[in-house]
Amino acid sequence: MMNVAALVDGKLIDIGEPVIFMEDRGYQFGDGVYEVTRVYNGQCFMLKSHMDRLFQSLAALNIIFSYSYEDLYNFHQMLLKESGIMEGSVYLQVTRGVAPREHAFPKKSSAQLTMSVRPVKDQSMLRKVGTKGIFVPDIRWLRCDIKSLNLLGNILAKQQAVEAGCYEAIQYRDNGIVTEGASSNFGVVKNGVIYTHPATNLILKGITRAYILTKLAPRLGISVVEQEFDRSFVLNSDETFVCGTTTEIMPIIQIDDQKIANGTVGALSKKLQIAYIKAIQEECYI
Ligand code: PMP
């Protein structure tokens with residue numbers, strides 16, 4: 001049986017139960033952080049990397065958190081066991097907790113952990129044929145490197161993409177530099193080299209992006225350059241793709257009204273996809 005399952009501070013609850021106080025700072029200010037981990041074959045993929053980033057995000061916002069790696073691994077296991085979900089994603093959120101509404105950090109509050117697991121939609125067919133993106137101005141704050149709950153800029157960008165019939169919004173800053181997708185990192189292939197925005201404060205240091213850069217590309221003998229580029233560089237490239245935990249490696253074959261190269265999935269994107277699937281199999285299907 002497959003069920004949505006949820007935990008509050010490590011205790012199983014019914015996801016429909018009202019458990020959050022109205023003065024939770026996550027609810028009032030978006031004062032918190034989150035992670036999403038993909039589940040394949042009933043096992044979490046790259047959970048350690050996600051938990052490492054969670055602790056980095058918590059540290060960046062000075063949120064005091066009492067759970068250990070081991071607690072978090074156990075909580076993931078509990079959710080998977082309870083739900084019976086084999087192909088899904090775990091959403092984990094930590095807020096600074098409940099306090100009277102004042103902007104500055106409260107003297108006393110305890111972090112609130114909530115987690116849930118749901119099945120994911122199969123996007124493997126779309127990954128084979130590729131999909132469309134649109135360029136949108138990047139209106140987000142200047143700490144996109146923190147995986148915070150404040151996602152309004154991302155939400156508005158994604159909504160524009162959806163309304164334009166596109167899969168993803170590819171964002172660019174006022175100076176024309178392309179940063180990342182609304183919920184993904186962005187890569188461009190030109191003359192056999194992968195280009196992607198450097199991991200600065202302007203993008204999330206995606207776990208999928210890092211895996212492509214440090215593991216898959218070297219394994220395939222592909223060079224990677226972390227460098228700024230603009231929209232015309234993208235439109236004149238050979239291949240483009242977005243990547244992320246649930247997105248995996250998704251070829252973008254058209255942006256706005258312009259096809260990228262001949263408007264089909266490129267050879268290098270395919271190679272990356274195959275190598276990524278192999279990595280999933282090695283970790284989750286043994
Ligand atoms: N950038 C943004 C803005 C995202 O929301 C995501 C998805 N979490 C990513 C990049 C990709 O990160 P990851 O590979 O860690 O999922």
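This is a predicted model: local features need pLDDT of at least 70, side-chain atom pairs count only at pLDDT 80 or more; totals for chains, interfaces and linings use all residues.

Residues are numbered from 1 along each chain as its sequence is written, and side-chain values use heavy atoms, with hydrogens and water left out. Helices (H or I, at least four residues) and strands (E, at least two) are DSSP runs, numbered from the N terminus.

**The sheet**

- Six strands make an open sheet in the order E2-E1-E6-E5-E3-E4, with antiparallel pairing.
- E2 (11–13) and E4 sit at the edges with a single partner strand each, so one side of each has no neighbour in the sheet.
- Two strands count as paired if DSSP finds at least two bridges between them.
- Strands of a sheet pair through backbone hydrogen bonds, either parallel or antiparallel.

**Strand E3 and its neighbours**

- E3 (residues 32–40) is mostly covered, as eight of its nine residues are buried (under 20% relative accessible area, with a 1.4 Å probe and protein chains only).
- On one side, E3 is joined to E5 (residues 88–95) by eight antiparallel bridges, and Thr37 stands opposite Val90 in E5.
- Val90 also has a bridge partner in E6, namely Val117; E5 and E6 (residues 112–119) run antiparallel and share eight bridges.
- E3 also pairs with E4 (residues 43–44) over two antiparallel bridges, and here Val39 stands opposite Cys44.
- The hairpin of E3 and E4 has two residues between the strands, and Asn41 takes a positive phi near 50 degrees there.

**The two helices**

- H2 (residues 47–60) and H3 (residues 69–83) pack at an angle of about 125 degrees, with their axes 11 Å apart; axes are lines fitted to C-alpha atoms, for helices over the stretch in contact, and angles run from 0 to 180 degrees between N-to-C directions.
- That angle makes H2 oblique to H3, because angles under 35 degrees count as roughly parallel, over 145 as roughly antiparallel, 65 to 115 as roughly perpendicular and the rest as oblique.
- Where do H2 and H3 meet? Residues of H2 including Leu47, Met51 and Phe55 are in contact with residues of H3, among them Tyr69, Leu72 and His76 (contact means heavy atoms within 4.5 Å).

Note on methods: Buried means under 20% relative accessible area, exposed over 50%, partly exposed in between (1.4 Å probe, protein chains only).
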